Amino acid sequence: MNSRILKETPLFSLLSEADQERIAERLTPQELAQGEHLFDIGDTSDALYIIQSGWVRLVSSGGDVLASLGAGSLIGETDLFRSRPRSTGAVAATQVALWRLSGDDLTQVILQTPSLGIALSRAFGGHIAQMDAYLVTRLQRAPGLSNATLDDLAALARFLEPVEAPSGQVLFRAGDQPEALYVIESGQVTLLPRKPGGETQSLREGQMFGEMALLTDKPHFYGAQAATDTLLWKLPREAFQDLIQQRPGLASVLSQGLRAPLSAEDQAAAASVLARMPLFAGLSEDTLATIAGRLLLLHVPAGESVFVQGARADAMYLVDSGEVELSREAGYRRETLARVGPGGFFGEMALITGRPRSTTAVATRPTNLWVLYRNEFEALVMRHPAIAEAVSRGVSERLTEAESSHAERHLRHVNLLQGLDSEALRDIAEHLHPMRYREKEIIYRQGDAPDFLCMIESGRVSLLAEENGVEAPVAVLDAGDSFGELAVLTGEPRAMTAQALTDVDAWLISPKDFNALADRYPVLALNLSRGLATRLRETSSQTLHALQVDRASRPAITSKEQGAPKAATESTAVPVAQVKPAPKPKAATRPATPRARQVRRQPRTSSRIAQIAAWFRSLSVGAKVRLAIVLLLLVWLLGVAAPAVLLNSVSYAHALISDVSGIANGSQDTAGPQATAVAMALVPTATYTPLPTDTPIPTDTPTATPTPTNTPTATPTPTPTDTPTPRPTRPRPKPTPTPKPQAAAAAISWDGRLNQLGVGLIHANVAPGQPYWRLIEARWTDEKESEGRHHIYVNVLDEAGHRIIGQPIKVFWRSGSVTGKTEDKSPTEYSYNFQMYAAGNSYNVSVEGLPSDVVTGMGLGDITRRTWKIHTCFYLTFQRAIR
């Protein structure tokens, strides 16, 4: 009886008799009295109903009748199949008899007989939720989805649609734009090669295809044709994109192990990138095309690692689209080294040298890479001698550069070498010897010959002084500090012992090399003097503290004890004569002679000497050592360092003045970095110019106006002098001072630390009612907050506060500029970033297209070390506004 009702119901009439019987066994009867509600809007959809007799009305939320259904009609199937709450209500218009099929029972039937669910899906015309459990088990067996989570698979299953493809039907051709991803339910599909005569590939039940084209958003690399009558599960392109947004982990799973050959267009683009690589410099176009033909396409989802630091190197990478961030772990810090965009490349040296990866590479957004794997590279080198020759030459040059750059990067943090340019650091690096000391290892002992000066790259070192077999700590040094310099300069044996408190990486330099370099680079002597002065101040402070503690611990001498002289052999007290009250002087008494006064002072002077001697004998061993160090440092500073620094500074200043003169005469390219810095400070810079005002006629002796340079800096404009020559025919007018650049307006969110950094703001010079780019926020992050980054980040907003994409941003400095555009990035990221490499007040930023506020004086360095290349960041937000 139940199966007969199913045959008369359109949805179930297309099922086989066996399938109808299976469903009929799960039907349960139900009756409703007139007016009784079967379900209401918003109820959970847990079953569908077949009316056996009577009438049921479907009603809207307002109570309107949408339809009246009689015997043989289905109720509630759409909401059940879509797994959504009831969208209508159902009320019995008469006495009603129903057959009920629960969603759980239907799911169980489909799990036992998947073909029933597929047939039901085709009859319904789309995906039914009761197929999800079956599809999850089917997708788990698909090779590309075996690592996906159950939640991800369930989400994927909800988007799949059944598709029938008769034998011979072409699903897509090579070069077609991707429209869908497919999973084979039954039947067979043949993948056709792009080029005629290529090998075909046959896919069977459970396999997936079309995913690579969807992930990379590139045309299909092959065609697909049904080899037999085939049933497929189809995931349309739009559903795929929505799914990846909701489930980014799926993109990671789908991309694992996926590689594809490059199209002809991509191969040509890759060859042009290879031609720019130093490793392949000089190779012919044919050879470059051969290499490009071996590249494979790889997709890396946002946030996924390409490789990690320390991993085995097996490939080099060219960036087709997206962006990859290269970073390095240094202790507990992560330092961002670079961001590689389209047309860039990375990983080539580790591939060739076989060394483990020295960096970690992570995709900051969905990224397509062109990859050359080691086995392909080695085959190319064997077959093409020109490649082997170019690679050998490139490796030699790159290794030399890498070693030089590596040494320079590490030496930047040594205090003794601050202020030196890259060329000087490379020169000094050739005279340094790296050394590693383990925890508690003795670096040198007190009394050893002074055969090297030591600069700490990482770790901590303790300096100890020894007297009578007792060691006393004098100082603890950290990364960037130097030690052993005093013994090196004086040639005397080591005055202290140096011991590693932790594992220590250090750079050693011999006295001979250091003296030669100090003559060549006077700043070394200046840095050494500063370091010794700092050490002297710290040691003096420690000694003074010890002296105060010693005095406080000694008992006071009472007047009674003063009156009882002790034996002269005691070293803890000095004989003091008993003092009697002096008689009142008479008016006629003559003053004492100088000789008499001198006689009376002699006992007091000898008394002081005796007191000092007694105090010194009473000091502890550590206090005596610290006092001796203070005296030695003082002697060295006055007798050795000061004259040498003075002589070197005079010659250095003379050379610097010459360089500055050269810059003033237009020969800036030949000046050194120090001279350039001084010249930048001396040459007047452009300032904000206000709208014209009614200015009184100037006198005959106006102050000369400095010529503006190309780099505006927010510095006060020189004010005209107040000494004009008076004219007898009219009163002397006062010159109108040039307004200074305005400070950040109250409405601007301005980080107060920017003022300490010397960062300024020049407001756009526009008339009222005119549009312009207005700075609304500027902030700065220090070295710790920046976490290794060293960028200027910029957002540009419209009047409503929405991001503007594609807006040109200009970053300019004294010798050049660069213009980039804002990009469509995630809301947590700024839409434009510029990587800084210069320290101090080097960079200025404005927005193109309209008059713009200009933020000036940004660069590496912090508040106390403005000219050091310390990684910090600036964050700027501009908004289009009307003056």
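**Figure 1. Secondary structure and overall make-up of the predicted protein chain.** The chain of this predicted model contains 26 helices and 43 strands, taken as DSSP runs (H or I, at least four residues, for helices; E, at least two, for strands) and numbered from the N terminus. Of its 883 residues, 43% are buried, where buried denotes under 20% relative accessible area, exposed over 50%, and partly exposed in between (1.4 Å probe, protein chains only). Contacts (heavy atoms within 4.5 Å) between residues at least 6 apart in sequence join residues at least 24 apart in 72% of cases. The protein chain exposes about 46,500 Å², of which carbon and sulfur atoms supply 53%; accessible areas come from the Shrake-Rupley method with a 1.4 Å probe, and for residues only the protein chains shown count as cover. Residues are numbered from 1 along each chain as its sequence is written. Because the model is predicted, local features need pLDDT of at least 70 and side-chain atom pairs count only at pLDDT 80 or more, while totals for chains, interfaces and linings use all residues; side-chain values use heavy atoms, with hydrogens and water left out.

**Figure 2. Aromatic pair of Phe307 and Tyr317****.** The structure holds 17 aromatic pairs, defined for rings of Phe, Tyr and Trp (its six-membered ring) with centres within 6.5 Å; planes under 30 degrees apart are stacked, over 60 edge-to-face and the rest tilted. Phe307 and Tyr317 form a tilted pair, 5.9 Å centre to centre with 40 degrees between the planes. Phe307 belongs to strand S19 (residues 305-307) and Tyr317 to strand S20 (residues 315-321), ten residues apart, and the pair thus links distant parts of the chain. Phe307 counts as buried because its relative accessibility is 9%.

**Figure 3. Aromatic pair of Tyr317 and Phe346****.** Tyr317 is buried, since its relative accessible area is 4%. Tyr317 also pairs with Phe346 in a stacked arrangement, with 5.3 Å between centres and 15 degrees between the planes. This pair links Tyr317 in strand S20 to Phe346 in strand S23 (residues 345-346), 29 residues apart. Phe346 is likewise buried, at 4% relative accessibility.

**Figure 4. Ring cluster of Phe172, Tyr182, Phe209 and Tyr222****.** These four residues are linked into a cluster by ring pairs.

**Figure 5. Arginine charges over phenylalanine rings****.** The charged end of Arg86 sits over the ring of Phe39, 4.2 Å from the ring centre. Arg494 lies over the face of Phe452, 5.0 Å from the ring centre. A charge sits over a ring if NZ of Lys or CZ of Arg is within 6 Å of the ring centre and within 35 degrees of the ring normal.
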